[in-house]
Amino acid sequence: MIIGVAVVLVIIVIILVIYNIKISQKIQKFKNINQKITNLQVVQDFMNTIGETSSVDEKIKKINNILIEKYEIKYSTIVVFNGAEYEIKASNVDARHWDSLKSLQDVDMFKDSIETATPKYVTVNNENERLPYQKMEFGRAKSAIFFPLYIDNVYIGYWIIESGTPHDFDNVDITILEVIKDNIISVLKTVVHQKTLESIVRTDLFTGLYSEEYLYGEGKKIIDQYTISTICMFKIINIEEINKNYCRELGNEVIKEISKYIQENISKDYVFVRYMGPKFVIAFSGVDTDGVASFINDIKDHIEQMKISLPEQSQIYTTETNKNKNIDMTNQQVTPIINVALSSYYKGTGLEEVLKKLEQYLDGADKNESDITNI
């Protein structure tokens, strides 16, 4: 009788153990599913951030905030080498600690991590200790994981997460953090082209207008505040004739006068740039082509009624003698002629493709064409 009861109890215990194992497996499975869902949400948030009309630095800061919120990270800092020095692109650590955080590449314990492209975990054993790389921060971080960042096998900086608790990352799933790191790299790689455009924007010497590159960065932010806009490109078709028959200085004066007139007569909500040479672009943000037709007609009529001459005793450059001479050309007047092309631009589509289409049309048009064409 006793033996029978014992056998039943053993069977019950075995069944309970098996049941607990299965429950544990299911819980772990649900945890993994939940983690995958979180990862997918983070990736989606990353992609949404990339598509926003904000600067590269603003995007990186937002991505760092997403990491802190979604993964409940105490401190997160992204540091990137800009070609001259290391700079903190995003961090929720007090700025007074940034000097040490952007110098971690010089800390011996992280040099091997950078060379081998592997993460480095550091921690202390009690509250009275501090991490080796900390100089003046006794109470802030007690454990950290350092991730070197590489784009196409080129080291570009690092991502470091920190906690105020010793051994807080002992049981963390490093593979998940590696996925996050890879997503950070993907974002940095995606926005590097935008950063290049933001860096190469120049101001035109003669007109004071921004160059073409402005359209793809700051300009696009303004344009993309609206669902639909009209892009207008015009070309001064007789500028070469003016340069050849008179002088290049008079051609430059034509460009300056046209630019000045348009700047004085368009809304600050619109983007006006010198696109290239005798071509200019006006982006009418939030206005369809029908809405700008009358304005463009007025602009064209006014420009083609201008009588432009050089200021008195302007110094001009004569190609015949290759010398600078003071020649009075104040009685020489020219009238510019322009050819205009318009096209609609829809937010989220390729602005560069619209501009390319307009430029191809103007460059391929008859050299005497002076019209307003909607393409």
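This short talk covers the cavity and some of the salt bridges in the structure shown above.

The model is a predicted one, in which local features need pLDDT of at least 70 and side-chain atom pairs count only at pLDDT 80 or more, while totals for chains, interfaces and linings use all residues. Residues are numbered from 1 along each chain as its sequence is written, and side-chain values use heavy atoms, with hydrogens and water left out.

Let me begin with the cavity. By cavity I mean a set of points, on a 1 Å grid over the protein atoms alone, where a 1.4 Å probe fits but cannot get out, and its lining residues are those with an atom within 4 Å of a point. The structure holds one cavity of 30 Å³ or more, and the largest cavity has a volume of about 40 Å³, the volume being the space filled by probe spheres set on grid points that are joined across faces, edges and corners.

Which residues line the largest cavity? They are Cys232, Phe234, Ile262, Ile282, Ile296, Ile299, Lys300, Ile338 and Val340. By class, eight are nonpolar, none is polar and one is charged, where Ala, Val, Leu, Ile, Met, Phe, Trp, Tyr, Cys and Pro count as nonpolar, Asp, Glu, Lys and Arg as charged, and the others, Gly among them, as polar. Strand S6 (228-236), helix H9 (289-303) and strand S11 (338-346) each supply at least two residues of this lining, and H9 gives the most, with three; helices (H or I, at least four residues) and strands (E, at least two) are DSSP runs, numbered from the N terminus.

I turn now to the salt bridges, of which the structure holds 12, each being a side-chain nitrogen of Lys or Arg within 4 Å of a carboxyl oxygen of Asp or Glu. In helix H5 (residues 174-200), Glu178 and Lys181 lie three residues apart, about one turn of the helix, and their side chains meet at 2.9 Å, N to O. Glu178 is partly exposed, with a relative accessible area of 21%, whereas Lys181 is buried, at 11%; buried means under 20%, exposed over 50% and partly exposed in between, with a 1.4 Å probe and protein chains only.

Lys220 forms a salt bridge with Asp224, the closest N and O atoms being 2.6 Å apart; Asp224 is buried, at 4% relative accessibility, and Lys220 is partly exposed, at 21%.

Notes. On a 1 Å grid over the protein atoms alone, a cavity is a set of points where a 1.4 Å probe fits but cannot get out, and a pocket is an open set with protein on both sides within 12 Å along at least five of seven lines; lining residues have an atom within 4 Å of a point.
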